[in-house]
Amino acid sequence: MLRIEAMNEALEKFKGMVGASEIVLLKVGRRADANKALAGAILQKIFSKLGKKSHFALRDGCQENIEKFLDELFGEGFIKASGALRLKENILIKLDTEKIPVSELRYEKDGGFLKIILKSEKNPADLSLISVEKEAMPADLLILIDPEESEIRDILKANPHKEVVKIGTKEKNLGLKILEIARAFFPEIPDDIRDALWFLLAEENKTSPFPDPNYLKALSELLDLKPNEAKLRRALEILLGEGFYNLLGRALVRSHKEKETETFWSFLPLSDFVKTGQTPEVATNILQELRAQLEGAALFYALLYEEGPKNISALVASPDAPRLKALAGLLAAEPASSYFFANGFAAFSEAELKLKNLIRRVL
């Protein structure tokens, strides 16, 4: 697996793999946030412009606002069109040769029919032991957009492929990597991905765990291309949805800073989501907005939220990547970008106490 972490020789190899590919699949993990979805959508546009058959679809259960958000940036129906590619399928005829020994296999034409003849030493053969299935032909290239390591095996198994690339966030955030990929293929940034790149870079710059002067340079270059500010405002409003800032206000009211663990804690019961017309799917957006508004206020940011009765989940973020990874490991979790997800708590008090004890161990 080629991993695009540091963008150097890997980028040149990646260009060669894309050039040799006809069909490209783009996959995000089950905890994909809006930035990862946007990165996948930009890559889909890039590969389509290169003449590739490119497939990108939002994961099942992804918040509806993300689909509408991407449609606003790329045009109505973008997500449906980008997810419309269907891989060609082979027909498989399978049988257990231990139970049905085959001594001869041949086929012949019978008018408009093709007859496949299996001569078995066991007579009569049990037809229930023969199955007919479909098998998708492999894509030329499968691209994983910063999934959790624990998900990779299942994604690879579920998506037949010849080559695979993972675009991770160990050295740089997604925005800068996607920008470098765009520059590798186009002398000038195409108009139809300009606004989306601006949005991705600007959003990541708010909470970047890897402060990088290249952000300012990249944003300045894109600003010279005159991004559509009205479209970007509409896209943000669509992504956040009505009631978002009401929910954010409730999260701030239910927050406190703890000096001992250098953690900013925030709590959202299920009733807050219901009253504001939001769902727990927006938790990552709330966490990122809290971090943006409270930049530098804490080492850790922990959003604890209720998804159902006795079902408390946690999103924990930090600009300190090594400590965040160590903390995630103590919970048998792993960071996805600059935060990680943990669940299985029965009460807010249980989740807070456990996280506090583990944070003390990594300080």
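**A buried aromatic pair and a β-hairpin**

Phe264 counts as buried because its relative accessibility is 10%, where buried means under 20% relative accessible area, exposed over 50% and partly exposed in between (1.4 Å probe, protein chains only). Tyr301 counts as buried too, at 4% relative accessibility. The model described here is predicted, so local features need pLDDT of at least 70 and side-chain atom pairs count only at pLDDT 80 or more, while totals for chains, interfaces and linings use all residues. Residues are numbered from 1 along each chain as its sequence is written, and side-chain values use heavy atoms, with hydrogens and water left out.

The structure contains seven aromatic pairs; rings of Phe, Tyr and Trp (its six-membered ring) pair if their centres lie within 6.5 Å, and planes under 30 degrees apart count as stacked, over 60 as edge-to-face and the rest as tilted. One of them joins Phe264 and Tyr301 in a tilted arrangement, with 6.4 Å centre to centre and 45° between the planes. Phe264 sits in strand β11 and Tyr301 in strand β12 (residues 300-308), so this pair links distant parts of the chain, 37 residues apart. Helices (H or I, at least four residues) and strands (E, at least two) are DSSP runs, numbered from the N terminus.

Elsewhere, strands β5 (residues 102-110) and β6 (residues 113-120) run antiparallel and are joined by eight bridges; two strands pair if DSSP finds at least two bridges between them. Val102 has Ser120 in β6 as its bridge partner. Two residues lie between the strands of this β5 and β6 hairpin, and Gly111 in the turn has a positive phi of about 65°.
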